[in-house]
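This briefing concerns a single protein chain and is arranged by topic. Please view the sequence and the structure together before reading on.

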Amino acid sequence: MARATARHILVSSEEKCEALKAEIEGGRDFAEVAKENSSCPSGAQGGDLGSFGPGQMVREFDEVVFSGELNKVHGPVKTQFGYHLLEITSRS
C-alpha cells in the first residue's frame, strides 16, 4: 500500500494561502510559516502530518499527495476546512 509523509498550512482564505506560498517560494522556511500562520494543530510541529495512506486524509489532499511532485509547495488546495498549502516530503 502506498504511504506518504507531508506537511501543510491551513488558512481561511485563498488570498492568504497565495501570499504564504509566495513567502515560502521566496525563501522562507515552510515550518516557520506553518508555526506562525496555520490554524491546524499540526502548525505547532511545522505543519507535519506524519505518515499516512490513501483515504486517511480528505479526497482533495489525496489527489495532491499521491500524485504531486515531491518537495514542492502545492496549493492553494480547497477543502471543507479551508485553504491548504501542501508539501509532500516522501512517498512510497
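Which side chain meets that of Glu 63 in a salt bridge? The partner is Arg 59, with an N to O distance of 2.8 Å; a salt bridge here is a side-chain nitrogen of Lys or Arg within 4 Å of a carboxyl oxygen of Asp or Glu. The model is predicted: local features need pLDDT of at least 70, side-chain atom pairs count only at pLDDT 80 or more, and totals for chains, interfaces and linings use all residues. Residues are numbered from 1 along each chain as its sequence is written, and side-chain values use heavy atoms, with hydrogens and water left out.

**Salt bridges**

- Side chains of opposite charge can pair when their charged atoms come close.
- By the rule above, the count is six salt bridges.
- Arg 59 and Glu 63 both belong to helix α3 (residues 59–65), where four residues, about one turn of the helix, separate them; helices are DSSP runs of H or I with at least four residues, strands are runs of E with at least two, and both are numbered from the N terminus.
- Arg 59 also meets the side chain of Glu 60 in a salt bridge, at 3.7 Å from N to O.
- Arg 59 counts as exposed because its relative accessibility is 55%, while Glu 63, at 45%, is partly exposed; buried means under 20% relative accessible area, exposed over 50%, and partly exposed in between (1.4 Å probe, protein chains only).
- A network of salt bridges links Glu 23, Arg 28 and Glu 36.
- Within this group, the side chains of Glu 23 and Arg 28 form a salt bridge of 2.6 Å, N to O.
- Glu 23 is partly exposed at 32% relative accessibility, and Arg 28 is partly exposed at 31%.

- His 84 is part of strand β4 (residues 82–91).
- With a relative accessibility of 3%, His 84 counts as buried.
- The side chains of His 84 and His 8 are joined by a polar contact of 3.0 Å; such a contact is a pair of N or O atoms within 3.5 Å, and within protein one must be able to donate a hydrogen and the other to accept it, while residues adjacent in sequence count only if both atoms are side-chain atoms.
- Leaving aside neighbours within four places in sequence, the residues in contact with His 84 (heavy atoms within 4.5 Å) include Ile 9, Cys 17, Phe 61, His 74 and Thr 79.

**Annotated region**

- An unreviewed UniProt entry places the feature "domain: PpiC" at residues 1–90; UniProt positions follow the numbering used here, feature names are shortened, and annotations may be inferred rather than shown by experiment.
- Over residues 1–90 the chain is 30% helix and 32% strand, with 14 Å between the end C-alpha atoms.
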